[in-house]
Amino acid sequence: MLRRLALAGTALVAAVLALAATALAGGASPGLVQGSRGVTLPGQPLRYVTFGSGETTAVAAVIKGSGTIARWRPFAGQWGIPAVTFDGAADGLTRDGRTLVLADWTQPENSALRSVSQFRLLDTRTFLPKQTIELKGDFSFDAFSPNGNTLYLIQHVSEQDVMRYLVRAFDLNAQRLLPKIVADRRQADWVMRGFPMKRATSADGRWVYTLYRQDGGYPFVHALDAANRTAVCIGVPWTGSQDPLAGAELRLDERHGKLTISAAARQVAIDTQTFRVSIPKPGGDGFPSGLVAGLAAGVFVLTALVTLTLLARRRNRARLNPPIEGLPA
């Protein structure tokens with residue numbers, strides 16, 4: 001009898017996993033991913049997925065390639081793999097692949113933000129809960145530290161402006177939310193607001209780069225140093241509609257230390273060592289972002305200076321104008 005129930009349950013899981021991935025989303029968070037895609041790590045044989053039915057959620061480990069279900073377990077409530085960007089990219093595995101985080105999704109009817117957020121950390125070998133976290137406020141998963149001891153969370157703090165957020169760190173060993181905000185210490189006045197669109201992560205898991213759309217401002221890349229609980233915010237030179245960012249490609253080239261954003265025939269490169277921004281020239285290496293902002297003005301000034309110099313030479317050919325300091329060669 002137990003064997004028949006297990007086989008029936010496995011068949012049900014397989015049938016649901018065959019369906020297209022779905023998402024539970026609303027408000028400021030990208031929400032949760034349920035369905036066939038789930039989350040995995042490079043070189044790992046298993047992919048972890050969740051699916052819901054009413055007030056029950058099942059998590060399953062699926063063998064890549066064959067689609068065979070290695071194991072699964074049901075949980076009461078609505079849970080899912082955390083989505084970290086609005087293109088549906090999911091995360092939630094520690095670098096060693098031993099811990100999977102599920103997030104609870106209870107969206108209030110009359111509020112943009114949740115009053116309580118819950119997370120459940122599972123042992124991927126058994127799917128037994130290792131830790132359950134309940135926090136007051138609207139929190140969503142952002143990343144794990146490389147050693148798996150810190151859980152980074154996005155806290156949304158304003159119902160009037162749902163784009164505003166804070167990055168928080170939860171110490172899993174001490175089992176507490178740290179009071180210090182994870183922010184760019186170089187820019188104390190930077191207000192973090194926007195919607196996460198794309199993500200790239202370094203191979204060792206230390207650096208997590210997230211491209212944010214910020215209507216009414218400039219898009220930016222939030223570079224989280226997940227090993228040291230710090231971050232850097234890098235403004236992206238962009239004019240006009242930010243709609244093309246939905247189809248952007250965010251590519252990390254660790255060998256050359258470059259993070260490249262490509263969208264709508266535009267390209268921006270970020271040096272991952274210095275965080276300087278450049279706009280690559282066709283066939284060239286690009287130029288500093290300081291010149292990007294003043295390019296049009298610089299061309300105008302240069303043309304004016306050349307014109308004035310030629311007029312002065314015509315008036316007094318015997319006297320040459322001295323070189324102008326700061327004028328590009």
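1. In this note a strand is a DSSP run of E with at least two residues, and strands are numbered from the N terminus. The model is predicted. The label β14 is therefore a place in that numbering. It matters for the pocket, taken up next.

2. Which strand gives the largest share of the lining of the largest pocket? It is β14, with four residues. Both β10 and β14 supply at least two residues of that lining. The lining has 28 residues in total. Those nearest the pocket centre are Thr40, Ala90, Asp91, Arg95 and Thr201. The volume of this pocket is about 550 Å³. By class, 13 lining residues are nonpolar, eight are polar and seven are charged. Rolling a probe the size of a water molecule over the atoms shows where empty space is left.

3. Next, the sheet that contains β14. Four strands form an open sheet in the order β14-β15-β16-β17, and the pairing is antiparallel. β14 and β17 (230-235) are the edge strands, and each pairs on one side only. Neighbouring strands here are turned by 20° against each other on average, with direction ignored. β16 and β17 run antiparallel and are joined by six bridges. Across this pair, His222 stands opposite Cys233 in β17.

4. A second open sheet has three strands. Their order is β3-β4-β5, again with antiparallel pairing. Its edges are β3 (46-53) and β5 (69-76), each pairing on one side only. The twist from one strand to the next averages 20°. Strand β4 covers residues 56-63 and pairs with β5 over seven bridges.

5. Is strand β12 largely enclosed or open? Six of its seven residues (165-171) are buried, so the rest of the structure largely encloses β12. Buried here means under 20% relative accessible area. β12 also has partners on record in the model. Strand β11 (residues 150-156) runs antiparallel to β12, and seven bridges join them. Leu153 has Arg168 of β12 as its bridge partner. Strand β13 (residues 176-177) is also antiparallel to β12, joined by two bridges. There, Asp171 has Arg176 of β13 as its bridge partner. β12 and β13 form a hairpin with four residues between the strands. In that hairpin, Gln175 takes a positive phi near 55°.

6. Now the charged pairs. Side chains of opposite charge can pair when their charged atoms come close. How many salt bridges does a search of the whole structure find? The search finds ten. One of them joins Lys198 to Asp87, with the closest N and O atoms 3.2 Å apart. This pair links distant parts of the chain, 111 residues apart. Lys198 is in strand β14 (residues 195-201), and Asp87 is in the loop between β6 (79-82) and β7 (99-104). Lys198 is buried, at 12% relative accessible area. Asp87 is partly exposed, at 33%.

7. Another salt bridge brings together the side chains of Asp138 and Arg114, at 3.7 Å from N to O. Asp138 lies in strand β10 (residues 138-144) and Arg114 in the loop between β7 and β8 (116-123), so the pair ties together parts 24 residues apart in sequence. Asp138 has a relative accessible area of 5% and is buried. Arg114 is buried too, with a value of 6%.

8. Arg206 and Asp225 also form a salt bridge, with the closest N and O atoms 2.8 Å apart. Arg206 sits in the loop between β14 and β15 (207-213), and Asp225 in strand β16 (residues 220-225), so the pair ties together parts 19 residues apart in sequence. Is Asp225 buried or exposed? Asp225 is buried, with a relative accessible area of 3%. Arg206 is partly exposed, with a value of 31%.

9. Arg213, Asp215 and Asp243 are linked in a network of salt bridges.

Notes
Residues are numbered from 1 along each chain as its sequence is written. This is a predicted model: local features need pLDDT of at least 70, side-chain atom pairs count only at pLDDT 80 or more; totals for chains, interfaces and linings use all residues. Side-chain values use heavy atoms; hydrogens and water are left out. Two strands pair if DSSP finds at least two bridges between them. Axes are lines fitted to C-alpha atoms, for helices over the stretch in contact, and angles run from 0 to 180 degrees between N-to-C directions. Buried means under 20% relative accessible area, exposed over 50%, partly exposed in between (1.4 Å probe, protein chains only). A salt bridge is a side-chain nitrogen of Lys or Arg within 4 Å of a carboxyl oxygen of Asp or Glu. On a 1 Å grid over the protein atoms alone, a cavity is a set of points where a 1.4 Å probe fits but cannot get out, and a pocket is an open set with protein on both sides within 12 Å along at least five of seven lines; lining residues have an atom within 4 Å of a point. Grid points are joined across faces, edges and corners, and a volume is the space filled by probe spheres set on the points. Ala, Val, Leu, Ile, Met, Phe, Trp, Tyr, Cys and Pro count as nonpolar, Asp, Glu, Lys and Arg as charged, and the others, Gly among them, as polar.
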